[in-house]
Amino acid sequence: MTNMMPLIRNETIKMMRKKRFYVILLVLVVLVPMFTYAQMKVAERNKEKFGDDWRRSVQQAITDNQNSLGSSRIPDEWKKYRQIYIQQMKYYLDHDVNPQQPGGVTFTREFMDNASSLFIPLLIMGIASDIVSSERTSGTIKMLLTKPVRRWKVLLSKLVTLFMFVSLTVVASFVICYAISGLVFGYEGFNMPVFTGFQLQGSDVDLSAVHAVPQWLYLFMQLGLIWFVSLVVSMLAFMISVLVRSTAASIVIMMAALIAGNILTNMASAWQSAKYLFMVNLELTDYLSGTPAPIEGMTLVFSLVVLAIWGAASLVVSFIVFTKQDILN
């Protein structure tokens, strides 16, 4: 491990010089205030319409969703999401908890939930997609491989550095979101109860497993799942970077896969085999919130296993190809 540290230090310096991580921080600093402002306007509109009576606001949301269930224009697979939402809102009403209470913690939880399957993976892709291909394009990989260092160690140092910056990206997303939204909504709310465990059984919602957890614990579990998804996405982007010489092609391939997966998630309910694609299993935080799985039979454990297999397979391919292929010519 001692002889790996100089390689990891060298890769860290190169990653910082690329300034990709700084760009990610800048994107977050620019976009999070926009999302915060939009949420603030929604809160102001609800206050004008319902005053301080949050129960009226929640009841109106329930009524609107119940009315939409009878519409023939709404696909059946979308109706199950609304069924879960209706029962969730009723549960919050029964337990006198305001699910729409504005707060920096609540805003951060909702932001991270919405960003987990596309926004954050796209940020990760920006770091990982060219970590190898960019050096092949510039020719610096040849200089690195002429040194008396085993190829697998060179690639492992890149992977370790990538995991470090992936973890920093997830943490930075949370910290920046909480810090900025807290200026508007306040920094309290860590002990607010969040109800989880809603399950859809046929056309009925099963409430037997529903339980309350403090919002800080929910956030901890949520960030853990997002971190796992981010690692898997980085492994896949890492593999593409090894297989493809062009940095642009590497980025386009991963971007197309992530966007296609986001679209496919909303359309794949009748395609059972699609549940084995990594893109369809990225929304791990939906299992916490109680959102129905896109394909019947999918569970949190199933998605974790599928993503772990995709990640492990991508690493095997990466190391085999990198150690065998002719890179110097």
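Helices α10 and α13 are roughly parallel to each other, a term used for angles under 35 degrees, while angles over 145 count as roughly antiparallel, 65 to 115 as roughly perpendicular and the rest as oblique. Helix α10 covers residues 215-243, and its angle with α13 is about 30 degrees, with the axes 9 Å apart. Axes here are lines fitted to C-alpha atoms, for helices over the stretch in contact, and angles run from 0 to 180 degrees between N-to-C directions. Helices (H or I, at least four residues) and strands (E, at least two) are DSSP runs, numbered from the N terminus.

This is a predicted model, in which local features need pLDDT of at least 70, side-chain atom pairs count only at pLDDT 80 or more, and totals for chains, interfaces and linings use all residues. Residues are numbered from 1 along each chain as its sequence is written, and side-chain values use heavy atoms, with hydrogens and water left out.

## Two helix pairs

The crossing of α10 and α13 is left-handed. A crossing has this hand if the near helix is turned anticlockwise from the far one by less than a right angle, and it is right-handed if clockwise. Among the α10 residues that meet α13 are Leu-225, Phe-228, Val-232, Met-239 and Val-242. On the α13 side, the residues include Leu-300, Leu-307, Trp-310, Ser-314 and Phe-322. Contact means heavy atoms within 4.5 Å.

Helix α5 (residues 104-115) packs with α9 at an angle of about 140 degrees, and their axes are 8 Å apart. That makes α5 oblique to α9. The crossing of α5 and α9 is right-handed. From α5, the residues that meet α9 are Gly-104, Val-105, Phe-107, Thr-108, Phe-111 and Met-112. Their partners in α9 include Val-170, Phe-174, Cys-177, Tyr-178 and Phe-185.

## The chain as a whole

The chain contains 13 helices and four strands. Of its 329 residues, 47% are buried. Buried means under 20% relative accessible area, exposed over 50%, and partly exposed in between (1.4 Å probe, protein chains only). The accessible surface of the chain is about 16,300 Å², and 64% of this belongs to carbon and sulfur atoms. Accessible areas come from the Shrake-Rupley method with a 1.4 Å probe, and for residues only the protein chains shown count as cover. Among contacts with a separation of 6 or more, 76% are between residues 24 or more positions apart.

## Buried residues

Thr-161 lies in helix α9, which spans residues 151-185. Thr-161 counts as buried because its relative accessibility is 1%. Its side chain reaches the backbone oxygen of Ser-157 at 2.8 Å. Apart from neighbours within four places in sequence, Thr-161 is in contact with Ile-8, Glu-11, Thr-12 and Met-15.

Asn-281 is in the loop between α11 (247-265) and α12. With a relative accessible area of 1%, Asn-281 is buried. The side chains of Asn-281 and Ser-303 make a polar contact at 2.8 Å. A polar contact is a pair of N or O atoms within 3.5 Å; within protein, one must be able to donate a hydrogen and the other to accept it, and residues adjacent in sequence count only if both atoms are side-chain atoms. Not counting residues up to four places away in sequence, Asn-281 touches several residues, including Lys-275, Tyr-276, Met-298 and Leu-307.

Ile-295 is found in the loop between α12 (285-289) and α13 (300-324). A relative accessible area of 1% makes Ile-295 buried. Ile-295 and Val-280 are 15 residues apart along the chain, and their C-alpha atoms are separated by 8.8 Å.

Gln-325 is in the segment after α13. Its relative accessibility is 19%, so Gln-325 counts as buried. Between Gln-325 and Val-242, 83 residues apart in sequence, the C-alpha to C-alpha distance is 9.9 Å.

| Residue | Phi |
|---|---|
| Lys-19 | about 65 degrees |
| Asp-96 | about 55 degrees |

Lys-19 has a positive phi although it is not a glycine, and Asp-96 likewise has a positive phi without being a glycine. Lys-19 lies in the loop between α1 (5-18) and α2 (20-50). Lys-19 counts as exposed because its relative accessibility is 51%. Asp-96 is in the loop between α4 (76-94) and α5. With a relative accessible area of 53%, Asp-96 is exposed.
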